[in-house]
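Please read these notes with the model open beside you.

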Protein chains: 4
Amino acid sequence: MPRTPSLTPRKAPRQARSQRTVEALLEAAAQVLEARGMAGFNTNAVAERAGVGIGSLYQYFPSKEALTLGLMQREGERFHAEAHAALQQADGSAALRVLIAAAVAQQLRRPELARLLDVEESRPELRAAVSKGAFRAVVSELLGRADLPRQRDHELAVSDVGAIVRGIVDGAGERGETDEAGLRRRVEAAVFGYLRLAADGPESESDIAGPR
Amino acid sequence: MPRTPSLTPRKAPRQARSQRTVEALLEAAAQVLEARGMAGFNTNAVAERAGVGIGSLYQYFPSKEALTLGLMQREGERFHAEAHAALQQADGSAALRVLIAAAVAQQLRRPELARLLDVEESRPELRAAVSKGAFRAVVSELLGRADLPRQRDHELAVSDVGAIVRGIVDGAGERGETDEAGLRRRVEAAVFGYLRLAADGPESESDIAGPR
Amino acid sequence: MPRTPSLTPRKAPRQARSQRTVEALLEAAAQVLEARGMAGFNTNAVAERAGVGIGSLYQYFPSKEALTLGLMQREGERFHAEAHAALQQADGSAALRVLIAAAVAQQLRRPELARLLDVEESRPELRAAVSKGAFRAVVSELLGRADLPRQRDHELAVSDVGAIVRGIVDGAGERGETDEAGLRRRVEAAVFGYLRLAADGPESESDIAGPR
Amino acid sequence: MPRTPSLTPRKAPRQARSQRTVEALLEAAAQVLEARGMAGFNTNAVAERAGVGIGSLYQYFPSKEALTLGLMQREGERFHAEAHAALQQADGSAALRVLIAAAVAQQLRRPELARLLDVEESRPELRAAVSKGAFRAVVSELLGRADLPRQRDHELAVSDVGAIVRGIVDGAGERGETDEAGLRRRVEAAVFGYLRLAADGPESESDIAGPR
DNA sequence: CATGAATGAGGTTTCATTCAT
DNA sequence: GATGAATGAAACCTCATTCAT
């Protein structure tokens, strides 16, 4: 009888190990970013914190950019799932609230990390590569729902909603806020307030600073 | 022998020649930042574009940080003047619109520059040093005006308004928008919408997603 | 993120290759110091003479200071061993002569290097970090021996003996002396002469300029 | 009648002013050296502390070296006077004590300055230029006096005496000693002890570690 | 003469990336 | 594959010195 050959694919264990290495690298990247900021975010530090050689880092991520990108994707994943779940809601405003809740939760989980990644995302080289569409796609769909005010320029409104959410939520992170419910309420106020007032319609203009 | 590099100008330019040098350095800094982004923003490039020796840069700015700070101050100056002018307006909503108009104008003048400086401003080392109070102080005063809805938490509201304006306006800059009036209208929608909905009061909560 | 540059080696050389690199760097540092003096002692020159990239230098020595310190330690090591061996001598004066012989030998091996390192050692930043205790500790012990005159102030005497030895020996190095025996004899004269005359006792004061 | 020509040489007032400028520069140099050490000793700092433009510094001292040299000379002057006065003493030992007293006093006046200048003096470029002979010349003469033990090698002895004095006295300065009498006593012990034991003669060799 | 603005060679240090083991 | 030693371009910053005003 020959040596019992493994039934699992030969590559399997290696892949499992690879998975763990990649995961370790991404988490290390997150921690380095949080602990030392953009200025202290370098590949040697990440590899060291991950407990792997610098060579291994480059085995899985061909460049520092790729690592940053990987981190963005990892951080975006959970959020993307929740964002898509929002689409299940019956009416647009409920869905939008779910989406906002997801964004707020994401931010409060690791505020500094989220903030720094937001900043990074605005760099031209990365902007192209980041899908980012998840949030955007969902918002785009929701703004079409009947129960939400129709917007003059759909695309601009989608962008603005994203910018508003990101703006408030990152600011809260910078200040170290932790009150999730309160933050959610304020973001909702900004988004729904915007949607109502920015919507087209004859009276909206005069109404903008409205009494009360 | 300070270890923390000084951020204040090393020496006030007394002669006309140095005035010109400082001005050239700041303008060069702005251009380098716009043309090559944060990554390409280095003191050698700035000096070269300014047409002065690297030593001259360090005569007036004791560190790269100080140069960045100087640029922020220069860019903020015009805006600060307009922001203060807003206080002359009789009622709060008019003043707020003036303020927003100033912010939008500032952004559209040199969008990429404004955006990058906004990002830089969030760096912990600079946050402390930047006055930044101008915008914040004005908003703080305006939110106390009788014609604007009283906010639950004044300080948070001030921060949120700032974040909303910055968020939308930077986003617009990123996309290369140039329609000043339109942008102004959208920012107003977000800000006034926020103020109305975030204000405390029994009905606001239920009102958030409003009908229609 | 320490602001005060670390003086301790950044990373212990584990592989044989790094051992050689570190050794090459230290020897190169010694040679540069000898050949070009303090003024010409810069990290680029050291790396170049060592035949390694400048980056390698900083892998092992986190700063120029650390390199200097490393050199001091290397040069001190052999001497420290001999100094400790002196303690084996039965009586104090014999031990002291052994110690002096060691100091003289060390100096004549690489006179300029020894002299420059002596000078460097007096710099406040390095004084703290250098053990230096070896010589001092041994002298301190020896001055307590019964066959050597008891000193008024033990600590001062220890310091003075060190200063005398260093003074004469560095001076000899400066002049390029090579007569080891003669130098030893003169240092002994100074040290033993000092110990006898500086010792407390009623007559020592009047005796200082002694007859003939 | 022509415009009354000044009776004082045209240059006179300028020379007086020059004198003051030079004096201010030298004192500033001393203070900068004391306050910031060799590392912080730069011509711009000296000019600033002297309250004159950097250009003026270079008017009077063609290089940094020249300034250092000037400082050495200034600091040496008072000492040189006292040293020469020592020659008036009737017997050699008294004269030597006067000389030592002068050296000690000089050191305790501005210890850090004296120490740093001693170090500088050992730099090859300056060694040549510094007279330094004052002290050396006087010692050389004194060692020839009949009441002091005749030395085997006159020149070496002169050097050694200088090295001993400098060594002890600089060490005392480093430690911040202020007890002038005590320091004088110890230097005398070292010098006279050296002279007695290093002197040639049949018995001195065996006597070196002396009984008791 | 005095000034101080300007200069730039040169020094220290970092860090993304490669490659021999 | 994994490792980590090695690399060097490039960044920041200093300071002796010059020279136009």
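1. Two residues are in contact if their C-beta atoms, placed from the backbone, lie within 7 Å. By this rule, five residues of domain 1 of chain A are in contact with five residues of domain 2 of chain A. The domain 1 side of this meeting has four nonpolar, no polar and one charged residues. For these classes, Ala, Val, Leu, Ile, Met, Phe, Trp, Tyr, Cys and Pro count as nonpolar, Asp, Glu, Lys and Arg as charged, and the others, Gly among them, as polar.

2. The model is predicted: local features need pLDDT of at least 70, side-chain atom pairs count only at pLDDT 80 or more, and totals for chains, interfaces and linings use all residues. Residues are numbered from 1 along each chain as its sequence is written, while chains are lettered from A and ligands numbered from 1 in the order in which they are written.

3. Domain 1 of chain A covers 11-62 and domain 2 covers 73-207; such bounds come from an automatic or database domain assignment. The C-alpha centres of the two domains lie 30 Å apart.

4. Chain A has eleven helices and zero strands. Helices (H or I, at least four residues) and strands (E, at least two) are DSSP runs, numbered from the N terminus. Of the 212 residues of chain A, 35% count as buried, that is, with 20 or more other C-beta atoms, placed from the backbone, within 10 Å of their own.

5. How many residues of chain A are in contact with chain B? There are 29, and they meet 29 residues of chain B. Helix 9 (154-175) and helix 10 (180-198) of chain A each give two or more residues to this side, and helix 9 gives the most, with eleven. By class, the side has 15 nonpolar, six polar and eight charged residues.

How values were computed: Buried ≥ 20, exposed ≤ 12 C-beta atoms within 10 Å, placed from the backbone.
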